[in-house]
Amino acid sequence: MTQSDELFERSKKRIPGGVNSPVRAYQAVGRNPVFIKKAKGSHIFDEDGNEYIDYVCSWGPGILGHADEEVINEVQKACQDGLTFGAPTRKECAIAELIAQMMPSMEMTRMVSSGTEAVMSAIRVARGFTGKDYIIKFRGCYHGHSDGLLVKAGSGVLMQAVPDSAGVPSGYTQYTLIAEYNNCDSVAKLFEEYKGKIAAIVVEPVAANMGVVQPKEGFLEYLRKITKENDALLIFDEVITGFRLAPGGAQQFFGVTPDLTTLGKIIGGGMPVGAYGGRKEIMECVAPLGNVYQAGTLSGNPIAMTAGLVTLKRLFEHPEIYTQIEQTTKTLADAYRNAFKDQVCVNQIGSLMSVFFTKEKVVDFASGQTSDRKKYADYFCFFLERGIHLAPSQFEAMFVSVAHHKEDVEKTIQVIDQYAASQKR
Ligand SMILES: *Cc1c(COP(=O)(O)O)cnc(C)c1O
């Protein structure tokens, strides 16, 4: 028995499914998870001493690579001064200023401790500001596990949501409407049917939780237009895309400015952080200035702010990082396309990528669902056994960091070619 297997058996007795977040259990790829001991740069190491090139990057935060020296040093220094005060600090001020510089639509920011909390709070603010109750989300987009967002499409043409988890009363999802990603008509219909009642659209500007799906030309612009026309707010959930597609996130990349933005993952530099913010007049609704209540004992935690600040500063001062990680990702995408030809659909944008095992073009939730999950599981295991750690689910993104160097890419391409060859036999 490996150390990982033994730890998994022990964990299963005391932690539901042996893991603290479901996808880590590797259920979708039909094997036991590896337990990680440490990581450095682009590589992670498991409890059995195996080394892997890591394309999960902790699901997005690790844009600088694991255990970046400066981040670790600054965090260690910050720890000496105390772990938490429950009072305002200079660093919270500095990070809010830096965010506004990198992402100008974030005129005001409130720090929280996770992406889930960020989106949940932004929606509360949108409702408080507009005085309306309904929100629109897109099928296949993920916005954390809060009750009103843990939904799937109900029956009927106009999709009112139903809970997608036990424990969520249907009353909690009755104000959530579901539209199809990349489908403007589905949005227009909801605005007709629920005229004057929609507070906001919340969208991942690049969908990255149904596999990576880029917005079609004009889609984000349309969302901007229809929300303006209907006095509704546009919320970009940039928990993945923020500071990843560009220093100013997807809103800079596509040139579409939302009213509110939610952030997470990279913003914490590896610590648990989320944030939401946007136009000043909207954010002034938040307590203590306004009557939308939202609070957090550890919000703006000094250690987390330190890791976030060092990370964001590096990205801000070195925009060439974005050219580098995009190039690395493009090289990998091309290698997949060359090796598998029309047997897969590779969606790549910036340093985000997905390899769908389908011959169809993946442009929304439904087309993503045509991919062969058994093939994905087989591909995942083949790569893991050869020292490459991929997302253990077809519908999660592959993340590339600045720490992925030429040798990593060359080794990955070798394994891609080996796998493609093994499929032809
Ligand atoms: C990960 C993610 C969230 C949730 O963030 P947590 O920190 O896991 O709560 C929300 N929205 C998007 C787009 C995400 O990818």
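## Helix 3

Helices here are DSSP runs of H or I with at least four residues, strands are E runs of at least two, and both are numbered from the N terminus. This is a predicted model, where local features need pLDDT of at least 70 and side-chain atom pairs count only at pLDDT 80 or more, while totals for chains, interfaces and linings use all residues. Residues are numbered from 1 along each chain as its sequence is written, and side-chain values use heavy atoms, with hydrogens and water left out.

Helix 3 covers residues 90-102, 13 residues in total, and spans 19 Å between its first and last C-alpha, close to the 18 Å expected at 1.5 Å a residue (1.5 Å times one less than the number of residues). Its buried residues are Ile95, Leu98, Ile99 and Met102. Looking down the axis, the buried residues of helix 3 fall within an arc of 100°, so they line one face (the arc is taken from the directions from the helix axis to the C-beta atoms). What do they pack against? The partners are strand 4 (108-112), helix 7 (249-254), strand 11 (260-263) and helix 9 (302-317).

## Strand pairing

Strand 2 (residues 43-46) and strand 3 (residues 51-54) run antiparallel, joined by 3 bridges (strands pair if DSSP finds at least two bridges between them). Isoleucine 44 has tyrosine 52 in strand 3 as its bridge partner. The hairpin has 4 residues between these strands, and its glycine 49 takes a positive phi near 85°.

Strand 3 also pairs with strand 15 (residues 388-389), this time parallel, over 2 bridges.

## Two domains

The domain assignment, automatic or from a database, gives domain 1 (3-55 + 319-422) and domain 2 (69-317). Their C-alpha centres lie 26 Å apart. The contact (heavy atoms within 4.5 Å) takes 26 residues from domain 1 and 26 residues from domain 2.

About 2,100 Å² is buried between the two domains, with 63% of that from carbon and sulfur atoms; buried area is the accessible area (1.4 Å probe) that two parts lose on being put together, summed over both. On the domain 1 side, Tyr322, Ile349 and Phe365 supply 33% of the area buried against domain 2, more than any other three residues.

Technical notes:
Buried < 20%, exposed > 50% of the residue type's maximum accessible area, 1.4 Å probe, protein only.
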